[in-house]
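Q: I would like a close look at a single part of this chain. Please start with the whole and then zoom in step by step.

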Amino acid sequence: MSLWFAASAVTPQLRAIWGLTASEAAWLTTIVQLGFVCGTAVAAVLNLPDLIPARRLFSVSALLGAAANATILAAPGYRYALVLRFLTGFFLAGVYPPAMKMAATWFRTQRGLAIGVIVGALTVGKATPYLVRAIPRVGLSPVVLTASVGAALAAVLVAVGYRDGPHPFASRPFSWNHVRDVVRVRQWRLATASYLGHMFELYAFWTWIPAFLAASVAANTGGLVRGRRFISLLAFATIAVGGLGCDKRGRERLVAISLFMSGSCCVLSAFLFGGPIWVLGALAMAWGFFVIADSAQFSTLVTEAVPAHAVGTALTVQTSLGFLLTMLPMQVVPLIAQRVGWRWSFVALSLGPVAGIAAIRRLAALRASAVNANFSVST
């Protein structure tokens, strides 16, 4: 998953090479989301996650994504780079949802923990390009190639070493009705609604936190930002710290707490902007922890809610809708920054957590009613 932000981490270099505006540079990341959405949509409609063995789908997709990412170094211009970034996102659609399904085959009672480890790993992986960028005298090529090498190694590791666990999901022949079967489940709809609130905030935060931190340091010093590699290192830590928050259990309660905390950070960021970097850095680290701490729970809720034969399709449809939504705030945040400054750019993201909390509370009530009904029948 280090492929995701490989271009974002070197945006200043790419802007200089191709003379890009801020809006054009933003599309280097946004179009990865679009590619991922298209990839997951194709996979869901064709039932690929439930028809193709997860090991094979993961490995082939990771290799193709690595190749598309590395080829950006030979791209003759911005438009070619956009196509390659789109393909990178498209192929990553064969990595993320299958990985969650693969982990789920090994666990039942601790499935939330298992999927949490997967989400934690992808969180650290996505932050890796910023860590490489923070190394002194490291330029464009090492950042991009490190991501591609990581993805290629992941493909080999899964192809050679992975096997499904003792709790595999039942498979059925291709059917156009899998998506319909998933959407009809009310628990899936509520879990996905809360997930959408989570995603409204997540990727806009991950994408723009380096720019926000740099602008805050500039406002504090009254001049140009110095120590840009330090900003890259802080951005890596802010994103990667989320890996520590992904291995918890608790389902709806954890989701509600995480959404409340991350939404609060959206608002607090405006008041701490321009202050001491250690204060804003502490907020960013806390934000990075809570913004992803609930992610695994959405996937776990889905695996528990839908028929076993449609788990792969359910996860894929959920992630497709989530990443489609991320494109809006990713483009809106820099527009807000241009109009009123970076100080207020993240406040609007708090709308996502508010909506997510409302949906997860309804899901918790529904699940509690189902448990009580089953208890009454059994007694």
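A: Of the 379 residues in the chain, 54% count as buried. Buried means under 20% relative accessible area, exposed means over 50%, and partly exposed lies in between (1.4 Å probe, protein chains only). The model is predicted, so local features need pLDDT of at least 70 and side-chain atom pairs pLDDT 80 or more, while totals for chains, interfaces and linings use all residues. Residues are numbered from 1 along each chain as its sequence is written, and side-chain values use heavy atoms, without hydrogens or water.

Start with the overall build. The chain has 16 helices and zero strands. Both are DSSP runs, numbered from the N terminus: helices are H or I with at least four residues, strands are E with at least two. Contact means heavy atoms within 4.5 Å. Among contacts in the chain with a separation of 6 or more, 86% join residues 24 or more positions apart.

Now zoom in on helix H4, residues 54-70. Its 17 residues should span 24 Å at 1.5 Å a residue, and its end C-alpha atoms are 24 Å apart, so the two agree. The expected span is 1.5 Å times one less than the number of residues.

Which residues of H4 are buried? They are Ala54, Leu57, Phe58, Ser59, Ser61, Ala62, Gly65, Ala66, Ala68 and Asn69. What covers these buried residues? The cover includes helix H3 (48-51), helix H5 (78-92), helix H6 (96-104) and helix H8 (140-161).

Arg137 sits in the loop between helix H7 (111-133) and H8. Arg137 counts as exposed because its relative accessibility is 79%. Its phi is positive, about 60°, although Arg137 is not a glycine. Most residues other than glycine have a negative phi.

For another view, take helix H13, residues 277-293. Its 17 residues should span 24 Å at 1.5 Å a residue, and its end C-alpha atoms are 24 Å apart, which agrees. The buried residues of H13 include Leu280, Trp287 and Ile292.

Is Ser320 buried or exposed? At 9% relative accessibility, Ser320 counts as buried. Ser320 touches Val37, Thr40 and Ala41, leaving out residues up to four places away in sequence.
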